[in-house]
Amino acid sequence: MSGTELPQDGRRLRAVRTRARILEALLELIDEGRPEPTAAEIAARAGVALRSIAQHFKTREQLLAALAEKHLARLPHTEPAASTGTFEQRLVSFVAARSKALETSVAIRQLGRSAEGRWEAISAAFKEVSRQRRKEVQRSFAEELAKQDAWVLDAVDAATTGAFWDSLRQTQGLSTKRASAVMQETLRRLLA
């Protein structure tokens with residue numbers, strides 16, 4: 001190893017840490033209910049110079065794309081296996097995991113709704129989350145879905161989305177426990 005490689009590696013490591021702090025600060029601000037914090041607020045929270053944001057993210061879309069990727073990585077990835085347990089066991093496990101994931105991502109969904117039409121990165125991230133969540137439904141309830149008409153998958157998928165969850169939690173004002181119970185009973189009736 002030459003003497004020039006070590007400082008370069010040190011700079012890369014600092015750059016990785018700075019980038020991570022910027023993204024973490026942005027997520028924290030969003031989670032606190034600030035859907036579109038300013039660059040100055042992000043820099044202050046991250047403990048970095050304002051210019052660091054522009055150095056790491058040339059455009060707002062690059063920043064949002066990295067934010068979407070970081071958010072996807074922090075979502076719970078518990079996927080009940082379709083072949084494990086009774087229907088009731090799988091249902092309870094699925095609803096618990098999905099409720100946790102949806103409750104964790106409330107603030108990022110709010111940002112997404114305000115930015116989706118303007119930023120391709122957000123639209124793409126929302127589509128990917130929807131695709132992954134539909135696959136989880138299919139894996140978790142493959143046995144039950146095989147006995148149903150095709151529309152049942154669409155209905156179960158809709159009843160497990162962020163929009164459904166937000167309607168229960170925010171519009172109707174239900175507690176997380178009650179919202180989970182409503183989701184669980186909805187799925188039970190659809191898949192029975």
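In this predicted model, ring pairs join Phe 87, Phe 94 and Phe 141 into a cluster. A search of the whole structure returns 2 aromatic pairs. In one of the pairs, the ring centres of Phe 94 and Phe 141 lie 5.1 Å apart and the ring planes meet at 70°, so the arrangement is edge-to-face. Phe 94 belongs to helix α5, which covers residues 87-104, while Phe 141 sits in the loop between α7 and α8 (142-145), so this pair ties together parts of the chain that are 47 residues apart in sequence. Both partners are under the 20% relative accessible area that defines a buried residue: Phe 94 has a relative accessible area of 2% and is therefore buried, and Phe 141, at 0% relative accessibility, also counts as buried.

The protein as a whole contains 11 helices and 0 strands. Read along the sequence, the elements follow the pattern α-α-α-α-α-α-α-α-α-α-α. Of the 192 residues, 38% are buried. The protein exposes about 10,700 Å², and carbon and sulfur atoms account for 55% of that area. Among contacts between residues at least 6 apart in sequence, 67% join residues that are at least 24 apart.

Ile 53 lies in helix α3, residues 50-56. With a relative accessibility of 8%, Ile 53 is counted as buried. Leaving aside residues up to four places away in sequence, Ile 53 touches Ile 22, Ala 39, Ile 42 and Ala 43. The C-alpha atom of Ile 53 is separated by 7.9 Å from that of Arg 19, a residue 34 positions away along the chain.

Arg 45 is found in helix α2, residues 39-46. Its relative accessible area is 34%, which places Arg 45 in the partly exposed class. When residues up to four places away in sequence are not counted, Arg 45 touches Ala 25, Glu 28, Leu 29 and Glu 32. Arg 45 and Glu 24 are 21 residues apart in sequence, with a C-alpha to C-alpha separation of 9.0 Å.

Ala 181 is part of helix α11, residues 176-191. A relative accessible area of 36% makes Ala 181 partly exposed. The C-alpha atoms of Ala 181 and Ala 96 are 9.6 Å apart, although 85 residues separate the two in sequence.

The largest pocket has a volume of about 380 Å³. Its lining consists of 25 residues, and Arg 109, Phe 126, Val 129, Ser 130 and Arg 133 lie nearest the centre. Helices α4 (60-74), α6 (106-115), α7 (120-140) and α10 (162-171) each supply at least two residues of this lining. The greatest contribution comes from α7, which gives 8 residues to the lining of the largest pocket. By class, the lining of the largest pocket divides into 12 nonpolar, 7 polar and 6 charged residues.

The structure also holds 2 cavities of 30 Å³ or more. The second largest cavity has a volume of about 40 Å³. The residues that line the second largest cavity are Leu 26, Ile 30, Pro 35, Glu 36, Pro 37, Ile 42, Arg 60, Leu 63, Leu 64, Leu 67 and Leu 111. Two or more of these lining residues come from each of the helices α1 (5-31) and α4. Helix α4 gives the most to the lining of the second largest cavity, with 4 residues. The lining of the second largest cavity comprises 9 nonpolar and 2 charged residues, with no polar ones.

Helix α4 supplies at least two residues to the lining of the largest pocket and gives the most residues to the lining of the second largest cavity. Ile 42 is among the residues lining the second largest cavity and is also touched by Ile 53.

Methods. Residues are numbered from 1 along each chain as its sequence is written. This is a predicted model: local features need pLDDT of at least 70, side-chain atom pairs count only at pLDDT 80 or more; totals for chains, interfaces and linings use all residues. Side-chain values use heavy atoms; hydrogens and water are left out. On a 1 Å grid over the protein atoms alone, a cavity is a set of points where a 1.4 Å probe fits but cannot get out, and a pocket is an open set with protein on both sides within 12 Å along at least five of seven lines; lining residues have an atom within 4 Å of a point. Grid points are joined across faces, edges and corners, and a volume is the space filled by probe spheres set on the points. Ala, Val, Leu, Ile, Met, Phe, Trp, Tyr, Cys and Pro count as nonpolar, Asp, Glu, Lys and Arg as charged, and the others, Gly among them, as polar. Buried means under 20% relative accessible area, exposed over 50%, partly exposed in between (1.4 Å probe, protein chains only). Contact means heavy atoms within 4.5 Å. Accessible areas come from the Shrake-Rupley method with a 1.4 Å probe; for residues, only the protein chains shown count as cover. Rings of Phe, Tyr and Trp (its six-membered ring) pair if their centres lie within 6.5 Å; planes under 30 degrees apart count as stacked, over 60 as edge-to-face and the rest as tilted.
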